[in-house]
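Please examine the model shown below.

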2 protein chains.
Amino acid sequence: MTTNEDLDRILTAAAGVPLTGPHSAPADVRAGWLEAVADVLDAAAGELIELAGQESHLPAGRLTSELKRTTFQARLFATALREGGISPVQVDTPVAGWGSGPRPDLRRTLVPLGPVLVFAASNFPFAFSVFGGDTVSALAAGCPVVVKAHPGHPELSRRTAELVSGALPVPGLFALIEGVEPSLTALRDPRIKAVGFTGSTAGGRALYDIAVNRPEPIPFYGELGSVNPVVVTPEGWAERGGEITAGWLESLLMGSGQFCTNPGVVFVPDAAAFLDGIELVTPGQMLNPAIEQGFGKTTTTMAGLPGVHEAGTGPENGQGVRAMLFRTTLADLADDARALDLEMFGPAGLVVEYDDAGALIELLASVPGQLTGTVHGTADGAEPVAGEAVTALSARAGRVLYNQWPTGVSVTSAQQHGGPYPATTSPLTTSVGLAAIERFRRPVAFQGMPDGLLPPELRRERPASSSPGGAL
Amino acid sequence: MTTNEDLDRILTAAAGVPLTGPHSAPADVRAGWLEAVADVLDAAAGELIELAGQESHLPAGRLTSELKRTTFQARLFATALREGGISPVQVDTPVAGWGSGPRPDLRRTLVPLGPVLVFAASNFPFAFSVFGGDTVSALAAGCPVVVKAHPGHPELSRRTAELVSGALPVPGLFALIEGVEPSLTALRDPRIKAVGFTGSTAGGRALYDIAVNRPEPIPFYGELGSVNPVVVTPEGWAERGGEITAGWLESLLMGSGQFCTNPGVVFVPDAAAFLDGIELVTPGQMLNPAIEQGFGKTTTTMAGLPGVHEAGTGPENGQGVRAMLFRTTLADLADDARALDLEMFGPAGLVVEYDDAGALIELLASVPGQLTGTVHGTADGAEPVAGEAVTALSARAGRVLYNQWPTGVSVTSAQQHGGPYPATTSPLTTSVGLAAIERFRRPVAFQGMPDGLLPPELRRERPASSSPGGAL
């Protein structure tokens with residue numbers, strides 16, 4: 001556990017990293033940071049994947065592709081930083097006859113918020129952990145990062161942090177802390193200016209409450225729970241019934257269901273037909289005892305909800321965990337919608353039979369905020385329920401898919417991994433993709449500023465070099 | 001006061017406005033809303049300015065230019081909506097060999113958050129009131145708006161609301177409510193999805209606390225207090241001393257100092273020289289009794305702070321209000337910095353003498369968050385303290401000016417009217433300028449979606465008309 005003295009030293013160093021002016025790091029220097037870390041992590045892949053396997057029980061194939069995705073993500077940010085596309089500036093030159101009075105010379109850029117506290121997740125020991133999306137996007141923005149290690153993979157966290165620190169040339173730019181109490185102390189410390197979190201709704205909300213109730217409240221970017229509803233249209237079912245069931249099961253049970261985009265609820269026109277002949281695979285060992293216990297608890301709760309019935313269990317995995325299906329009807333959910341609030345983080349799903357498309361759309365319009373919503377229908381979606389479901393889900397989710405599955409979140413420019421509360425605490429932002437950088441910087445406008453005092457990217461005469469201001 | 005029944009009817013209607021899908025309003029329809037309202041307000045200018053003058057005690061010339069600015073702002077948003085520049089979309093086409101796994105077709109657009117509650121301000125009865133920047137930017141985003149009238153100008157608020165409602169063709173899109181209790185009920189209502197506020201730090205923080213502690217927390221965009229520090233460099237003072245003092249006084253006392261960008265604190269190399277020969281003008285009648293009392297209280301507090309001395313008072317305005325100046329030194333502020341937290345909303349300012357530029361920069365780096373920071377120096381700012389002050393202030397403010405004054409916030413693309421807490425509760429956003437729209441919409445990504453189900457702006461084949469989807 002991190003001592004108070006160590007934490008204070010870490011926060012002092014983080015707060016000492018210059019955020020503005022000639023000693024702050026320009027975009028290409030920040031790109032270099034990310035590339036340097038990506039290189040050392042790739043070079044240590046064998047060692048890291050072995051450690052990750054021991055601590056997370058995830059198979060080597062999955063971990064190999066996850067590490068690849070993690071370093072790809074860092075290099076994608078680096079490329080975008082060098083190209084300038086994710087650091088937009090806005091320049092308004094003077095206009096004497098402007099409608100709100102003479103327009104001054106106004107030039108807006110973005111500056112880092114300051115030190116960011118990142119709570120690592122357990123289910124992606126690379127992609128959402130020490131050097132995951134929150135860390136990378138905060139560093140890309142120019143913010144120092146303090147990562148709270150997830151206790152599910154302590155050795156991997158320490159070794160990753162050692163490699164990250166070794167690759168970063170700026171004191172204070174990165175540190176790892178361990179332990180709940182030190183992380184809460186950091187969360188309350190005025191030197192911390194923003195928080196990234198991926199985890200449970202209850203845990204995330206508790207931390208969010210601390211962040212927003214500080215004397216100086218700070219942005220809390222929490223990616224919490226989601227049941228990721230799927231709608232199968234009657235026409236889609238008629239065309240591709242078996243394929244849809246198989247695709248759902250694969251997405252649902254992938255990684256033993258331990259994904260935040262796990263499609264936990266599927267609305268189908270005929271539950272018996274949908275469930276016919278399903279064989280559930282044996283899940284792997286769960287990530288850690290807390291998740292295993294949580295899975296047992298939520299599936300027990302689900303089984304006890306009025307109108308919910310068990311619809312199949314698979315073989316036991318040697319630690320007492322089985323894949324499970326439940327079923328209910330739209331009419332039962334209309335009486336008691338708690339099943340739609342219940343994320344069973346693990347290999348379990350709920351099949352909801354609907355016969356009234358209008359009632360289905362009405363229910364979808366009022367589901368809790370979701371990371372994703374999915375519609376499976378005909379190729380062109382001409383059946384009215386397809387379009388109505390897309391409209392309803394796009395009002396309640398951050399990403400809406402058609403004839404695809406939500407697990408496997410691509411790291412791209414257009415990606416939106418977010419959604420209305422409780423899917424996230426910050427629906428205007430994404431925690432995956434290049435737009436994730438927007439969470440960690442704020443606009444500053446310079447008015448009437450002589451060239452010599454402007455940040456390089458705002459100068460009237462852009463210097464030949466793209467990074468003239470960097471002293472780091 | 002708005003009754004519970006009226007409020008419920010208003011919120012139900014607001015929640016019924018479609019946010020997504022073919023029945024939601026496309027950008028050019030929203031542009032039409034704003035233009036229609038601007039037209040009716042301009043047509044009623046004579047009547048509105050007379051009402052505003054009676055209730056706010058502001059002179060007709062000021063109110064005329066404020067109304068002009070208000071309708072200009074609405075038309076500027078309308079133009080930007082038609083041109084598409086403020087509604088960015090992002091399209092990622094499929095790439096099989098993408099580094100995080102095969103990249104799907106992902107298209108991201110922005111959808112309205114839902115009904116927005118706007119708390120009107122008293123000091124701009126047009127520009128920050130019923131049809132002010134918050135209302136206009138929320139409507140531009142497609143959000144229904146419920147405005148809580150400021151009690152400082154009730155008749156003007158009602159008449160403006162009547163005109164706005166009459167010009168908007170969509171039921172539920174706009175409503176006015178009156179009274180503190182109804183506004184708190186609305187703030188807690190799950191149908192309200194975001195809040196805009198301009199006012200005092202204490203009042204704003206109390207409302208913010210409610211918004212973020214709801215079962216479903218919502219974004220609270222509060223523009224609170226700021227003392228807007230100004231730094232005069234020794235070299236700047238030597239070149240333009242008298243001009244700087246005169247400019248500061250004009251900005252400080254404009255509108256009897258009742259502006260959030262009022263430059264309340266000025267750091268000068270020689271306080272006696274800066275204050276020499278100053279004559280303070282008679283302030284106008286204050287906006288309302290609450291502001292008048294607050295001014296009396298904060299100036300009394302200021303006078304009682306250790307190391308702070310009165311440095312001049314002007315003639316009394318007939319209601320007991322006089323312009324006031326105070327002075328202190330950097331050394332005194334280093335012992336007790338409370339004077340930097342104290343916004344005296346009215347015709348008063350604090351002159352701080354500094355002799356150690358290094359100590360000045362250190363103090364600036366730790367001032368509370370500000371809307372603006374200003375430096376007055378030589379034309380090119382070559383003296384080191386100018387650049388160091390700009391660097392320090394840009395880490396603590398949303399807008400940094402050079403040889404200009406912060407009052408008079410231009411409505412433009414690059415404007416940033418915001419800043420770290422306590423200047424605002426949401427430092428990543430602006431409440432003035434076109435970027436203010438970003439506060440009221442969230443990204444949604446569509447994955448693998450057939451053209452017919454995509455929002456028009458994301459379709460592969462863009463239709464000939466720019467607004468094919470609008471049924472409103």
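## A buried leucine in chain B

B:Leu454 is buried, with a relative accessible area of 2%; here buried means under 20% relative accessible area, exposed over 50% and partly exposed in between, with a 1.4 Å probe and protein chains only. The residue B:Leu454 belongs to the segment after β15 of chain B. Helices (H or I, at least four residues) and strands (E, at least two) are DSSP runs, numbered from the N terminus. Leaving aside residues up to four places away in sequence, B:Leu454 touches B:Arg107, B:Phe446, B:Met449, B:Arg459 and B:Arg460, where contact means heavy atoms within 4.5 Å. Between the C-alpha atoms of B:Leu454 and B:Val146, which are 308 residues apart along the chain, the separation is 30 Å.

## Basis of the description

This is a predicted model, in which local features need pLDDT of at least 70 and side-chain atom pairs count only at pLDDT 80 or more, whereas totals for chains, interfaces and linings use all residues. Residues are numbered from 1 along each chain as its sequence is written, chains are lettered from A and ligands numbered from 1 in the order in which they are written, and side-chain values use heavy atoms, with hydrogens and water left out.

## The interface of chains A and B

In chain B, 74 residues are in contact with 74 residues of chain A. The two chains bury about 5900 Å² between them, 57% of it on carbon and sulfur atoms; buried area is the accessible area (1.4 Å probe) that two parts lose on being put together, summed over both. On the chain B side, B:Leu428, B:Arg442 and B:Gln447 lose the most area to chain A, together 11% of what that side buries.

Across this interface the rule finds 39 residue pairs in polar contact, both residues at pLDDT 80 or more. A polar contact is a pair of N or O atoms within 3.5 Å; within protein, one must be able to donate a hydrogen and the other to accept it, and residues adjacent in sequence count only if both atoms are side-chain atoms. Elements giving two or more residues to the chain B side include α4 (60-83), α14 (384-394) and β14 (397-402) of chain B. The largest share of that side, 7 residues, comes from β15(B).

Strand β15 (residues 441-447) of chain A is joined by 3 bridges to β14(B), and the two run parallel; strands pair if DSSP finds at least two bridges between them. Opposite A:Gln447 stands B:Leu401 in β14(B).

## Salt bridges

Over all chains the count comes to 38 salt bridges, each a side-chain nitrogen of Lys or Arg within 4 Å of a carboxyl oxygen of Asp or Glu. Across the interface of chain B and chain A, 0 are found.

In chain A, A:Arg439 forms a salt bridge with A:Asp134, with the closest N and O atoms 2.8 Å apart. Both A:Arg439 and A:Asp134 are buried. A network of salt bridges links A:Asp105, A:Arg107, A:Asp451 and A:Arg460.

In chain B, the closest N and O atoms of the salt bridge between B:Asp134 and B:Arg439 are 2.9 Å apart. B:Asp134 lies in helix α5 (residues 133-141) of chain B and B:Arg439 in the loop between β14 and β15 of chain B, so this pair ties together parts 305 residues apart in sequence. The relative accessible area is 8% for B:Asp134, which is buried, and 2% for B:Arg439, also buried. Another salt bridge joins the side chains of B:Glu178 and B:Arg158 (2.7 Å, N to O). B:Arg158 is partly exposed, at 36% relative accessibility.
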